[in-house]
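Work through the exercises below with the structure open. Try each task before reading its solution.

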Amino acid sequence: MTNHVKEHDDLRRTAAVAADYTQLQGLINVTTGAGLILWALGWPSWGAWVTGIGGAVLVAYYRRHFGRAVGRTTLLPTLGAVGAAFVCCAAGYVIDSHAWVPVLTLPLLAAACFVVGYRIGYRHVGVTSAHWVAVALLVLSSVAPLLGLAAPGPRVGLLALGVAMVIVGVVDHLRLVATMKPVPRD
Amino acid sequence: MTEPAVGPGSGPEPRLDLEVDRLVHEPARLGILTVLSSVRSAEFLFLQSALGLSKGNLSSHLSRLEAGGLVEITKKFVGKKPQTTASISEAGAAAVERYWRQLDQLRELGRPVG
């Protein structure tokens with residue numbers, strides 16, 4: 001009986017991972033995060049290459065290793081949410097570039113986008129403590145200039161956003177891989 | 001098994017539906033239906049990786065589910081490679097939902113009183 005209960009719980013977890021499969025392809029977030037880190041360190045063109053090429057390679061990697069599953073959520077709200085997050089972060093970048101406010105707005109807005117994204121993207125699998133660590137990192141970095149830990153400007157915000165994306169991406173990828181099973185040969 | 005249970009002084013309780021559908025009950029088929037119920041469609045490889053089933057095993061279970069009207073299979077060629085995609089039918093969604101409800105009822109019955 002206990003074995004059956006465990007098997008059924010595993011199956012429900014697998015179904016939850018299938019439902020949030022798009023979001024759990026975390027290595028794509030890792031490359032975007034790595035690109036942002038390179039940009040923050042002063043190599044924006046390298047950052048763009050890593051994000052673009054890495055993203056394309058990793059989309060193909062997930063397709064080849066695990067196949068494709070189309071979620072029940074329609075594409076339009078997801079694209080809308082990603083677009084809104086991009087606009088928020090771009091606005092934060094502009095505000096931080098001009099140092100109009102004493103805190104860094106890019107990581108603060110990014111943290112808000114992460115929280116909204118968690119509600120949309122992880123409806124079935126939920127979030128882990130590492131996801132909240134990423135949000136905490138963003139919030140803390142936004143007050144870095146007040147604490148004298150960073151000079152005003154967009155670099156620290158970009159760096160924090162990149163690191164947060166790497167954390168979330170690695171955790172998501174590990175969750176996906178832990179659920180997927182090796183395919184036996186006939 | 002499906003007789004109405006009568007509680008003490010509270011009138012008849014809802015009828016327990018514990019007659020399981022054998023097509024759904026088999027673990028691999030239950031897995032396929034449960035995974036498909038959480039997505040709009042999934043490729044053959046995705047189902048294989050999610051459930052750890054071999055090609056032949058998955059193929060035979062999908063055929064049985066398709067014959068029972070619980071899943072819909074689409075086959076096409078991408079370049080020279082065949083690509084099989086499966087999705088759950090309305091009947092399949094209802095069947096798997098009923099199965100999980102029955103299972104939850106059984107768990108409730110097995111829980112110690114008090």
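The model is predicted.

**Exercise 1.** Find what share of the contacts in chain B with a separation of 6 or more comes from residues 24 or more positions apart.

*Solution.* Residues 24 or more positions apart account for 49% of these contacts. Next, take burial: chain B has 114 residues, and 30% of them count as buried.

**Exercise 2.** List the secondary structure elements of chain B in order from the N terminus.

*Solution.* Start with the totals: five helices and five strands.

**Exercise 3.** Determine how α2(B) and α5(B) are oriented to each other.

*Solution.* Step one: locate the helices. In chain B, α2 spans residues 27-37 and α5 spans residues 90-110. Step two: take the geometry. The packing angle is about 110°, and the axes lie 10 Å apart. Step three: classify. Angles of 65 to 115 degrees count as roughly perpendicular, so α2(B) and α5(B) are roughly perpendicular to each other. Their crossing is left-handed.

**Exercise 4.** Name the residues with the most contacts inside the largest nonpolar core.

*Solution.* The core has 69 residues, and the two to name are Ala18(A) and Leu47(B). Helix α8 of chain A, residues 154-179, gives the most to this core: 11 residues. Now look around Leu47(B). Leaving out residues up to four places away in sequence, Leu47(B) touches Ile32(B), Val35(B), Ala42(B), Leu58(B) and Ala86(B).

Note on methods: Residues numbered from 1 in each chain as written. Chains lettered and ligands numbered in written order. Predicted model: local features only at pLDDT ≥ 70, side-chain atom pairs only at ≥ 80, totals over all residues. Helix = DSSP H or I, 4+ residues; strand = E, 2+ residues; numbered from the N terminus. Buried ≥ 20, exposed ≤ 12 C-beta atoms within 10 Å, placed from the backbone. Contact = placed C-beta atoms within 7 Å. Core = buried A, V, L, I, M, F, W, Y, C linked by C-beta atoms within 7 Å. Axes fitted to C-alpha atoms, helices over the stretch in contact; angles between N-to-C directions. Parallel < 35°, antiparallel > 145°, perpendicular 65-115°, else oblique. Left-handed = near helix turned anticlockwise from the far one by under 90°.
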